[in-house]
Amino acid sequence: MNLNVGEIIKQCRKKMKWSQEELAFNANISQSTVSRLEKNKITCDVNTLVNIAQKTNAQDVLMAMMFNIDMSLVSQMLQLVPTFIGGMFTWML
């Protein structure tokens with residue numbers, strides 16, 4: 001699987017309706033770095049990618065693109081996590 005990290009970053013940013021400058025400010029990186037990351041001109045380390053996903057509240061975008069699955073499925077899966085965890089604790093009691 002060929003992971004397009006630049007596209008992941010761009011989708012995270014667009015989910016917040018942010019400019020590259022706004023993403024750069026919130027993620028504590030330069031605007032030129034955001035631009036080069038989105039164009040895949042430089043590589044992105046995992047910590048930076050996770051930071052961007054967290055700052056943009058777009059972990060679902062990151063998961064969907066990393067696992068090559070539909071965004072709606074990821075959203076549904078994320079909504080089920082509290083139910084699943086709650087059920088685990090109930091079962092353990």
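1. Helices here are DSSP runs of H or I with at least four residues, strands are runs of E with at least two, and both are numbered from the N terminus. On that basis, the protein chain of this predicted model has six helices and zero strands. Read from the N terminus, the order of elements is α-α-α-α-α-α.

2. Some totals describe the chain as a whole. The protein chain has 93 residues, of which 29% are buried; a residue counts as buried when its relative accessible area is under 20%.

3. The interior deserves attention next. In soluble globular proteins, nonpolar side chains tend to be buried together. In this model, the largest nonpolar core comprises 17 residues, and those with the most contacts inside it are Ile9, Cys12, Leu23, Cys44, Leu49 and Ile52. Two or more residues of this core come from each of α1 (5–15), α2 (20–27), α3, α4 (46–55) and α5 (59–67). The element that gives the most to this core is α1, with four residues.

4. Once its neighbours within four places in sequence are set aside, Ile9 is in contact with Leu23, Leu37, Glu38, Cys44, Leu49 and Ile52. The C-alpha atom of Ile9 is also 9.7 Å from that of Ser35, a residue 26 places away in sequence.

5. Which residues of α4 are buried? They are Leu49, Ile52 and Ala53. These residues lie on the same side of α4 because they cover an arc of only 100° around the axis. An α-helix has 3.6 residues a turn, so residues three or four places apart point the same way. The cover over the buried residues of α4 includes α1, α2, α3 and α5. On the other side of α4, Asn47 and Gln54 are exposed.

6. Both ends of α4 have features to inspect. At the start of α4, the backbone nitrogen of Asn47 has a side-chain oxygen of Asp45 within 3.1 Å. After α4 comes Asn57, with a positive phi near 50°.

7. Helix α5 also has an inward-facing set to record: Asp60, Val61, Leu62 and Ala64 are buried in α5. The residue Asn68 follows α5, and the phi of Asn68 is positive, near 55°.

8. Why does Thr33 count as buried? The relative accessibility of Thr33 is 18%, and the cut-off for a buried residue is under 20%. Ser35 is buried too, with a relative accessible area of 14%. The side chain of Thr33 makes a polar contact of 2.7 Å with the side chain of Ser30.

9. Most residues other than glycine have a negative phi, and most peptide bonds are trans. Asn28, in the loop between α2 and α3, has a positive phi of about 60° although it is not a glycine. Asn40, in the loop between α3 and α4, likewise has a positive phi, near 55°. Are these residues exposed or buried? Asn28 is exposed, with a relative accessible area of 70%, while Asn40 is partly exposed, at 43%.

10. A last point concerns Lys17, which is found in the loop between α1 and α2. Lys17 is exposed, its relative accessible area being 73%. Thr56 is 39 residues from Lys17 along the chain, and the C-alpha atoms of Lys17 and Thr56 are separated by 9.4 Å.

Definitions and conventions:
Residues are numbered from 1 along each chain as its sequence is written. This is a predicted model: local features need pLDDT of at least 70, side-chain atom pairs count only at pLDDT 80 or more; totals for chains, interfaces and linings use all residues. Side-chain values use heavy atoms; hydrogens and water are left out. Buried means under 20% relative accessible area, exposed over 50%, partly exposed in between (1.4 Å probe, protein chains only). A polar contact is a pair of N or O atoms within 3.5 Å; within protein, one must be able to donate a hydrogen and the other to accept it, and residues adjacent in sequence count only if both atoms are side-chain atoms. A nonpolar core is a set of buried Ala, Val, Leu, Ile, Met, Phe, Trp, Tyr and Cys residues joined through side-chain atoms within 4.5 Å. Contact means heavy atoms within 4.5 Å. The arc is that of the directions from the helix axis to the C-beta atoms.
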